[in-house]
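Please walk me through this structure in a short report.

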Amino acid sequence: SLARPNTVLARAGFTSGFGVLAATLGSAVGLGNIWKFPYLTGANGGASFLLVYVLATLLVGLPVMMAEISLGRVGKANPISTLQALAPKGQPWWLIGVAGMLGAFLILSFYSEVVAWVFAYVVKAMRGSILSSDPQVTGAAFNALISDPMQSLLWQWGVLLFIGGILLMGVTKGIEAVTKKLMPILFLLLLLLCAVSLSLDKAWEGLVFLFHPDFSKITASVVLTAMGLAFFKLSIGMGTMMTYGSYFRDDQNIPLTTLRVMAADLSISMLAGIAIFPAVFTFGFAPTAGPSLVFITIPAVFSQIPMGQSLMVVFFVLAAIAATGAMLSLMEVPVVILHERLGLTRPKATLLTIFLLVILGSTSALSNSTLADFKLFGMTPFDLFDFVSSNIILPGGGIFIALFVGWVWGFDKFGGALTNKGHLQNQKVAQAVFFLLRYVSPALILVVMLKGLNLF
Ligand code: PHE
């Protein structure tokens, strides 16, 4: 049914402007900043990658995010129902919502495993077993964890039950409140880490790597990776922001909120880069290490600070909290769809989501052990889910969302959402963003995807 479901009222927790900002930022900020951004930047040439990533965020990420939030706020329901209600009868735009739900499952299946590593590192940090500036030692500790099938599975199940438990209790507001208090601490800790990292011997080399572009490193696949990261970072292309938009108040300034979230999210990624790359170069790690980068460099940085062990515990706890906010927003998509579309109660929808994730997620959890040799398209399930979601599903969803707003929903409705029906002075912004959505973003995304996937 397209009627506003009562559960929306029950979790309509975005009561203040700051609450909206915190919740939206809580979704955007996650392991994408602390884990994915550093390792992708390291593996794809540093500054030149960063530049393409920022461009993708501005030209594609920003307009698509405003589009999604606007659609959600006007539709006031899950993404499938929203698109069904806003599209002309008989046009299948609601399939974007279905694809988004599948995307959520794929992302959650590997994301929950990285969160599992973070949780495990909280315990390891408490024991002090991984505090060393020797890459051999920190690398071996990480490999021991990820190549142990039992540990990988149990930590992941623990994470799924933890997040599911929060969703079952329906305490989005509680999480919001907690995240609101803890995000500033994460910010401060990152600043502290940056200060330590910048005082290291070869800090300069790290900064040059991060900020001095080498354009010869930019290939079509690097551009696709950067664009995929922009989608992943802003939680767009799969209905998360549409869902959150449905909780926005009608007087919320959508362009301003989007800009603030984008700026804060970008700053946190940059701080993570400044914290990590000087250490990478000083201690002789390879910047191209891939997904293990953060897990082997962070312990090395902390081994250089007084009280490093306690601070490292705090760091991983905060990383876990950041990840929790992002995971809740990811799981909210299938939960709300199963609940509102299939008529399952919210607890049942949550349990079904957890159950499906235990099964699908186990293939990611075992990708470094039991299933290490099980490859599809030359990738382990973990790598495949990561690749397909960021490089195909999210940008693909972005194309259709942009096309829908630009060519079907139209300027009057979109402009109405960005200006709150003329109450805000956002007309110029609305015109520019609409132009991007109608002509620039879809074509740009399509070309980058086809080139990056080597399809023409
Ligand atoms: N933006 C989150 C992060 O950076 C991940 C995410 C992607 C969350 C898509 C929701 C939807 O960690």
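## Confidence

This is a predicted model. Mean pLDDT for the chain is 89. A score of at least 70 is reached by 94% of the residues. The model's ipTM is 0.98, and its pTM is 0.93.

One stretch calls for separate mention. Over residues 1-13, pLDDT stays under 50. For this stretch the model has 21 contacts beyond four places in sequence.

## Overall fold

The chain holds 19 helices and 0 strands. Its C-alpha trace spans about 60 × 45 × 45 Å along the principal axes. The radius of gyration is 21 Å. A compact globule of 456 residues would have a value near 23 Å, so the chain agrees with that expectation.

Of the 456 residues, 55% count as buried. Sequence separation was also checked for the contacts between residues at least 6 apart. Of these, 84% join residues at least 24 apart in sequence.

## Nonpolar core

The largest nonpolar core contains 149 residues. Helix α15 supplies the largest share of this core, with 19 residues.

V115 and M227 have the most contacts inside the core. Leaving aside residues up to four places away in sequence, V115 touches L31, V159, A320, A323 and M327.

## Ligand shell

The ligand is surrounded by 15 residues. G30, G32, S235, T240 and A326 are the closest.

What is the make-up of the shell by class? There are 7 nonpolar residues, 7 polar and 1 charged.

## R260

R260 sits in helix α13, which covers residues 254-282. Is R260 buried, partly exposed or exposed? R260 counts as partly exposed because 14 C-beta neighbours lie inside 10 Å. The buried class would need 20 or more, and the exposed class 12 or fewer.

R260 and F302 are 42 residues apart along the chain. Their C-alpha atoms are separated by 31 Å.

How values were computed
Residues numbered from 1 in each chain as written. Predicted model: local features only at pLDDT ≥ 70, side-chain atom pairs only at ≥ 80, totals over all residues. Near = placed C-beta within 6 Å. Nonpolar A, V, L, I, M, F, W, Y, C, P; charged D, E, K, R; others polar. pLDDT = per-residue confidence, 0-100. Contact = placed C-beta atoms within 7 Å. Core = buried A, V, L, I, M, F, W, Y, C linked by C-beta atoms within 7 Å. Helix = DSSP H or I, 4+ residues; strand = E, 2+ residues; numbered from the N terminus. Rg over C-alpha atoms; globule rule 2.2 N^0.38 Å.
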